Amino acid sequence: MQIPYEFLGKVFIFLALLALCGTLFALLVGAYSFNKRRILFPSFTLFTLYLFYSPSKWICRVFRIRETLVDDILIDVRNAMMLDDFVHTKEGRVVLLPQCMRHPNCKARCDPVHGYECKRCGLCDIAKICEAGDEYGFKVFVIPGSSFVKKIFKEYRPRACLGVACYNELAEDMQEVSFVPVQGVLLLRDGCFNTEANVEEIIRKMEMCDV
């Protein structure tokens, strides 16, 4: 039986163009939703941009648009979709902070499951977030990497999660734990050392659950 290579080539090109058009549409809808704070087709946007994450960033580079727009859209749309469920989850709530927020002189030890155990020395913003967590019913974890997310979910089985990270890690981790209501807050200054978070925004999201 002769393989119809020409036909298969045409089908491949058609599917590639279809995927490109779908990704462009998802980017346009997501950008509109992000700028106007009016979420349109959220499930389609999330599915398409996660499925074509790398091509979406390539499209942004081609059109000289900042690549982090893709992550902004993914984070913003998921925040909007899950906010109501997040606010109304009353038990098993956790906050996941990146270890890069720690002060250079931090003396906290790293537990193999829980991550860094904050001593609340006040040298960085983590102590303030931990105190707010006590007040609003959130258990705060300071984790060295994404692998700790799976460990914490396996041991504690949280029912809602508030995550703080840089662009690509936050978008990816929110997808990983999307089986529970999740909210994300981007770092104001990222990197691997001495980063800065929007503490007021983190605490505001915790306060929203105190109803």
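This is a predicted model: local features need pLDDT of at least 70, side-chain atom pairs count only at pLDDT 80 or more; totals for chains, interfaces and linings use all residues.
**Getting started**

Side chains of opposite charge can pair when their charged atoms come close. The structure holds nine such salt bridges, and we will visit some of them.

**Stop one: R120 and D134**

Select R120 and D134 and show their side chains. Their closest N and O atoms are 2.6 Å apart, and the two form a salt bridge. Is D134 buried or exposed? D134 is exposed, its relative accessible area being 52%. R120 counts as partly exposed, at 38% relative accessibility.

**Stop two: E196 and R189**

Next, select E196 together with R189. This salt bridge brings the closest N and O atoms to 2.9 Å from each other. Both ends are partly exposed: E196 has 32% relative accessibility, and R189 has a relative accessible area of 40%.

**Stop three: the network around D111**

For the last stop, select R109, D111 and E117. Salt bridges that share partners join these three residues into one network. Look at D111 and R109 within it: they form a salt bridge whose closest N and O atoms are 3.7 Å apart. Switch to a surface view here. D111 has 12% relative accessibility and therefore counts as buried, the cut-off being under 20%.

Methods:
Residues are numbered from 1 along each chain as its sequence is written. Side-chain values use heavy atoms; hydrogens and water are left out. A salt bridge is a side-chain nitrogen of Lys or Arg within 4 Å of a carboxyl oxygen of Asp or Glu. Buried means under 20% relative accessible area, exposed over 50%, partly exposed in between (1.4 Å probe, protein chains only).
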